[in-house]
Amino acid sequence: MTPTPTLTIRGFKVFKGFLRPDEQVKMVEDLRVVVKRAPLFSPVTSSGKKMSVRMTSAGKFGWVSDQSGYRYEPRHPTGVEWPQIPDSVKTVWENVTQFNRMAECCLVNFYSETAKMGMHQDRDEQNFDAPVVSISLGDEALFRMGNTTRGGKTESLWVQSGDVVVMGGDARLAYHGIDRVKFGTSQLLQNGGRINVTLRVVT
């Protein structure tokens with residue numbers, strides 16, 4: 001049975017405090033194993049601008065960005081295969097989506113104190129029927145939710161460590177982003193910062 005979201009904003013289903021503190025610690029430990037095998041890297045946009053977040057992936061595909069464009073690839077930029085998606089992350093997908101397929105990509109973004117993510121759509125996938133699931137770990141971040149077309153009125157919400165957001169249905173192709181991170185609001189990560197895990201079905 002799918003749990004009931006704490007609130008729904010513009011079709012974004014928000015599950016506040018979905019992960020207990022011990023579950024958050026376990027997931028961070030699992031993600032450290034992922035990063036050890038597939039190190040964080042700093043992607044650039046198609047225009048050559050360096051993104052402020054560092055990222056890596058797990059699963060069948062990883063998301064990469066460079067001057068060739070945005071796309072999914074079966075290997076890390078170093079050439080190694082992406083690690084498997086940790087069971088702790090898969091469990092969240094299974095619990096909040098009840099979707100009939102497992103996520104194929106687990107994108108891991110690390111936000112330092114000054115990192116942000118501009119408003120964007122998740123539309124590099126071939127399958128828009130499956131939702132995108134976002135897991136927040138570490139410092140709070142201001143999550144902005146928009147429309148399916150660029151511009152117009154938006155709404156914002158502070159997401160905290162352990163929160164999960166599901167973007168499906170009308171919200172699947174809605175623009176969204178992270179305006180800023182409130183550094184030092186969580187003790188989960190030893191040196192501060194925020195980890196955002198997003199799960200997607202690619203094919």
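Okay, let's start with one side chain: Lys-182 is partly exposed, because its relative accessibility is 33%. The cut-offs here are under 20% relative accessible area for buried, over 50% for exposed, and partly exposed in between, with a 1.4 Å probe and protein chains only. Before I go on, this is a predicted model, so local features need pLDDT of at least 70 and side-chain atom pairs count only at pLDDT 80 or more, while totals for chains, interfaces and linings use all residues. Residues are numbered from 1 along each chain as its sequence is written, and side-chain values use heavy atoms, with hydrogens and water left out.

So, back to Lys-182. Which residue does Lys-182 meet in a salt bridge? That's Glu-140, at 3.8 Å from N to O. By salt bridge I mean a side-chain nitrogen of Lys or Arg within 4 Å of a carboxyl oxygen of Asp or Glu. Lys-182 sits in strand β12 and Glu-140 in strand β9, so this pair ties together parts that are 42 residues apart in sequence. The helix and strand names come from DSSP runs, numbered from the N terminus: helices are H or I with at least four residues, strands are E with at least two. Glu-140, by the way, is buried, with a relative accessible area of 15%. There's also a network, where salt bridges with shared partners join Asp-122, Glu-125, Arg-172 and Arg-200.

How many salt bridges are there by this rule? The count comes to 14. Take Lys-16 and Asp-163, whose side chains meet at 2.5 Å, N to O. Lys-16 is in the loop between β2 and α1 (21-37), and Asp-163 is in the loop between β10 and β11, so here the parts tied together are 147 residues apart in sequence. Are these two buried or exposed? Lys-16 is partly exposed at 28% relative accessibility, whereas Asp-163 is buried at 2% relative accessible area. Another pair is Glu-23 with Arg-20, with the closest N and O atoms 3.2 Å apart. Glu-23 is partly exposed at 27%, and Arg-20 is partly exposed at 48%.

Now the inside. A nonpolar core is a set of buried Ala, Val, Leu, Ile, Met, Phe, Trp, Tyr and Cys residues joined through side-chain atoms within 4.5 Å. The largest one has 31 residues, and Phe-12, Val-53, Met-55, Tyr-111, Phe-143 and Val-165 have the most contacts inside it. Elements giving two or more residues to this core include β2 (12-15), β9 (140-145) and β12 (176-182). Apart from it lies another core, of 28 residues, with Val-28 and Val-89 among them.

What does Phe-143 touch, leaving aside neighbours within four places in sequence? Its partners include Phe-12, Leu-157, Val-165 and Ile-178, and contact means heavy atoms within 4.5 Å.

On to the helices. The axes of α1 and helix α2 (residues 87-97) come within 8 Å and cross at roughly 120°. Axes are lines fitted to C-alpha atoms, for helices over the stretch in contact, and angles run from 0 to 180 degrees between N-to-C directions. That makes α1 oblique to α2, since under 35 degrees is roughly parallel, over 145 roughly antiparallel, 65 to 115 roughly perpendicular, and the rest oblique. Met-27, Asp-30 and Leu-31 of α1 make the contact with Ser-88, Val-89 and Val-92 of α2.

Last stop: Ser-68, in the loop between β4 and β5 (69-73). Ser-68 counts as exposed, at 67% relative accessibility.
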